[in-house]
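Work through the following exercises with the sequence and the structure side by side. Try each task before reading its solution.

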Amino acid sequence: MHFNENLKYFMECKGILSKELSAKTQISLNTINSYLKNNGSLPDVEKAVRIAEILEIPVEVLVKGVVFHKNQQSQNILKSEIINIEEKLIHFSKHDLEAILNIVNSIWEKYNNN
């Protein structure tokens, strides 16, 4: 995935609109919109970090995207599982989603500290 696709995806996951992201990051709306365009501009490191912080994801994930296994079949299975999880999550309450996010973040830290 390209930066613009990652940004769109994580904004959608968080339910954040361009205008809100602009206000929270203090990055102009025109600049945010330029990041969202296909073949759009890329942020400098400072702006990428601010965006990632607001989206509550590691900057590497925002910039590089989710790293899937190299095996194509494994990629397809993993993507299918992620879509299945996403479809279920939309029915959860905000409180439940926060609890799930805490669990995911805890597991993420476990694997990224090794």
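**Exercise 1.** What covers the buried residues of α2?

*Solution.* Begin with the residues themselves, bearing in mind that this is a predicted model: in helix α2, which spans residues 18-25, the buried residues are Ser18, Leu21, Ser22 and Thr25. Seen down the axis of α2, these buried residues fall within an arc of 100°, so they line one face of the helix. Next, look at what lies over them, and you will find that the cover includes α1 (3-14), α3 (29-36) and α4 (45-55). Finally, turn to the face of α2 that points away from its buried side, where the exposed residues Lys19 and Ala23 are carried.

**Exercise 2.** Identify the buried residues of α3, and state what they pack against.

*Solution.* In α3 the buried residues are Ile32, Tyr35 and Leu36. When the helix is viewed down its axis, they fall within an arc of 100°, so they line one face of α3.

**Exercise 3.** Find where Gln26 lies, and decide whether Gln26 is buried or exposed.

*Solution.* Most residues other than glycine have a negative phi. Gln26, although not a glycine, has a positive phi of about 60°. With a relative accessible area of 70%, Gln26 is exposed, because exposed means over 50%.

**Exercise 4.** Which value is phi of Glu56 near, and where is the place of Glu56?

*Solution.* Phi of Glu56 is near 60°, a positive value in a residue other than glycine, and Glu56 sits in the loop between α4 and α5 (59-64).

Notes. Residues numbered from 1 in each chain as written. Predicted model: local features only at pLDDT ≥ 70, side-chain atom pairs only at ≥ 80, totals over all residues. Heavy atoms only, no water. Buried < 20%, exposed > 50% of the residue type's maximum accessible area, 1.4 Å probe, protein only. Helix = DSSP H or I, 4+ residues; strand = E, 2+ residues; numbered from the N terminus. Arc of directions from axis to C-beta. Contact = heavy atoms within 4.5 Å.
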